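Dear colleague,

I am handing over the structure below for your files. Please look through it first; my notes on what was found follow directly after it.

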Amino acid sequence: MFKLELGKYRSIVLSIALFLIFDLAVLVLNFVISSQISGDALLVNLAGRQRMLSQRIAKTALQVERRMVEVKPFVNELAELRQASAVFNRTLIAFSQGGTTLSGAGDEVTLARIDDDQVQAILVQASASWSPLVASIGSLSDENLSLEQAEKLARLAETTNLQLLKLMNDLTNRVEQAAASKATTLRMVQVTGISLATINFAVILFHFIGHLRRTDRELERARKETDDILRTTQEGLFLLDPEYNVGSQRSLALSGILGMAVPSGGNFLELLRTGVDSKTLDTAREYLDLLFNHDVKEKLVASVNPLNCVHLLAAQGSGAPEARYLQFSFNRVREGVKVTHLLVTVNDITRRVLLEQELKASEDRARGQLGMLVEIMVVEPAALHQFLRTAVDGLQAINALLRDQADPPGSRNNQVNAIFRQAHRIKGDAAALGMNSLAGTFDQLEDLLSALRERTSVSGEDFLPVVVQIRGLFEQIETIQNAIVRISQVRGITTIEDARPQHDPVVGRLPFVQRWYDFAGQIAARHGNRAEVSYSGIDIGTLPLPLSDTIQTIIHQFLRNAVVHGIEPPAERKAIGKPESGRISIYISQSEDGSIELSFRDDGRGLSVDRIRKAAVAQGRLSAEEAETWDYRRIVGLIFEPGMSSQEVVDTDAGRGAGLDAVRDLVSRFGGHIRIGSTPNEYCHFRIRLTPHPVGKSPLTSGSGGTP
């Protein structure tokens with residue numbers, strides 16, 4: 001059962017309800033009496049018309065008589081006589097019994113029976129006088145009307161008219177008296193209602209003026225207490241409505257904590273927009289919507305507060321903005337079960353966050369150094385020394401590219417691509433040796449280079465973050481070298497095993513081959529695949545260092561591409577009749593002239609021309625029309641372009657479009673060429689020929705589309 005809790009407002013609510021009842025009663029009576037007066041006015045008009053119709057009937061009867069005496073047509077007069085008598089008769093019946101008749105405008109109107117004894121007595125007399133005349137008019141015939149009948153009708157109409165005029169005049173007077181009486185009643189009702197309403201209003205005014213004063217004093221005292229709290233608290237406090245607008249009451253410390261003025265009614269999300277990214281802003285909006293939804297429990301969503309730690313830049317006068325970390329907490333304000341507002345508490349947690357970050361950085365450095373030490377311990381010494389030499393050479397080459405700022409600005413994009421190739425090559429070699437911490441640092445460098453490559457124009461200042469990252473890589477490699485020295489002091493001088501003959505029957509167990517096996521297994525594990533690597537050929541350790549390093553880098557990149565792009569997941573391979581583990585075959589041979597033949601084949605899904613074409617169009621390398629006109633060979637050749645990748649998600653192993661670009665650069669440096677063969681869902685085969693010595697930058701000849 002609904003129950004209205006009035007409390008201290010009971011008296012004023014009852015008084016107002018009584019006031020409304022008075023008003024409603026007056027309105028109802030006004031409506032009823034006004035309707036009655038309106039009906040009486042219609043009766044007065046109709047009664048007046050009856051007098052006019054009586055005279056008209058008598059006049060028309062005399063005209064009919066005269067027309068017959070003069071032997072003139074009387075059809076129109078006779079029709080008018082019948083029409084007037086019909087209206088008079090219909091109205092008289094409506095007065096007596098109720099019914100419909102015609103108004104003065106000719107519209108149908110409905111009359112109720114007049115319940116007045118005097119009126120009914122008048123109507124009875126009128127009906128008695130009218131009946132002979134209406135009967136005589138009804139018996140007239142247009143063709144057989146005689147002069148005698150016309151004279152008789154005229155005399156009867158004259159006599160009846162005098163009687164009806166008196167009776168209809170009495171009827172009009174009586175109806176007017178009734179209307180005047182009702183008008184007097186209406187005025188009395190209005191005066192009485194207004195008087196009672198005025199008295200009631202005076203009672204409300206004088207009865208509650210003291211109560212309002214007491215309430216004002218209580219509100220003033222409560223407001224002062226609230227102001228004292230908001231002025232002295234060290235936290236930022238304010239209320240938030242469902243439209244995300246800030247309330248008028250907020251703590252004095254709020255503006256200082258946020259580092260900006262907070263206007264009343266300002267949108268909270270707009271205040272945050274300058275300090276957080278769009279994703280955090282959208283998440284904050286969804287979180288606030290959850291809090292305003294009373295069906296969602298507050299404790300369940302408290303742990304997913306996206307504003308628990310927000311990094312903002314607070315303005316400091318004319319100086320540089322100050323970085324701050326703020327914590328926003330939200331508590332519901334309810335009225336019954338409905339959430340009307342959120343009480344927002346803001347705290348400056350910058351000192352705590354900086355301490356936590358410093359502690360975490362110290363832990364990360366210690367963990368990274370320990371991890372790097374473990375990685376160094378498991379790498380074959382010869383391979384480690386060889387890698388460090390290659391890495392230092394590569395970083396020095398990058399430094400040389402960074403120092404070369406004499407080229408016009410348009411060529412700096414080529415500079416980015418050249419640095420990208422060097423970095424990607426060193427990263428691949430580090431990952432192949434299992435030096436993941438160093439590979440991760442190179443991955444960060446590639447992120448910076450990817451951002452530069454996406455810009456339309458690159459200036460010298462844009463390379464500053466890259467310079468800082470390169471300096472860090474030099475320091476990291478120097479740390480590794482120092483660690484090797486310290487380890488050597490403990491374990492003694494590390495010896496390197498002599499190179500085995502080129503055609504050693506156990507070549508599959510050579511360290512560089514084992515590293516290929518391990519590298520392929522690591523990538524496959526990260527991507528949920530399986531891969532088996534088989535190798536036959538020469539011991540590349542017997543080759544000159546530049547050539548062996550180049551082969552290592554090429555194999556590393558081909559292994560990465562084969563496992564990530566080519567080999568299908570085990571379930572997919574099983575469904576199409578392939579072994580669950582992908583098979584990768586590597587063969588390297590050396591000709592009598594010293595040139596190297598490298599063959600790399602996997603039994604995966606092969607090259608997808610459609611996928612390459614779509615990626616080229618999506619990246620803006622080709623228009624849709626150009627992509628349709630290019631043949632197979634030209635489309636496949638795009639996989640060696642800088643930044644070209646069909647991988648939608650960028651991760652450590654793929655998606656940056658730098659691997660095959662680096663392979664092409666290396667093959668070009670050794671005056672070589674590449675041939676590609678591929679059949680969809682069967683295999684992909686790369687064949688590379690390298691000359692024994694680097695020849696500098698030379699054109700790269702590549703072929704694709706045929707079976708090697």
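The charged end of R601 sits over the ring of Y683, at 4.0 Å from the ring's centre. A charge is taken to sit over a ring if NZ of Lys or CZ of Arg is within 6 Å of the ring centre and within 35 degrees of the ring normal. A further case is R634, which lies over the face of W630, 3.9 Å from the ring centre.

Before going further, please note that this is a predicted model, in which local features need pLDDT of at least 70 and side-chain atom pairs count only at pLDDT 80 or more, while totals for chains, interfaces and linings use all residues. Residues are numbered from 1 along each chain as its sequence is written, and side-chain values use heavy atoms, with hydrogens and water left out.

Aromatic rings

The structure holds 10 aromatic pairs. Rings of Phe, Tyr and Trp (its six-membered ring) pair if their centres lie within 6.5 Å; planes under 30 degrees apart count as stacked, over 60 as edge-to-face and the rest as tilted. The pair of F238 and F268 is tilted, because the ring centres are 5.7 Å apart and the planes stand at 50 degrees. This pair links distant parts of the chain, 30 residues apart: F238 belongs to strand β3 (residues 236–240) and F268 to helix α6 (residues 268–273). Helices (H or I, at least four residues) and strands (E, at least two) are DSSP runs, numbered from the N terminus.

F238 is buried, with a relative accessible area of 3%, and F268 counts as buried at 3% as well. Buried means under 20% relative accessible area, exposed over 50%, and partly exposed in between (1.4 Å probe, protein chains only).

Y287 and F330 form an edge-to-face pair, with 5.9 Å from centre to centre and 65 degrees between the planes. Here too distant parts of the chain are linked, since Y287 is in helix α7 (residues 278–292) and F330 in strand β6 (residues 322–335), 43 residues apart. Both Y287 and F330 are buried. Ring pairs join F238, F268, Y287, F328 and F330 into a cluster.

Other positions

D447 is placed in helix α12 (residues 436–453). With a relative accessible area of 40%, D447 is partly exposed. From D447 to V466 the C-alpha to C-alpha distance is 9.9 Å, and the two are 19 residues apart in sequence.

L24 is found in helix α1 (residues 10–69). L24 is exposed, its relative accessible area being 53%.

Yours sincerely
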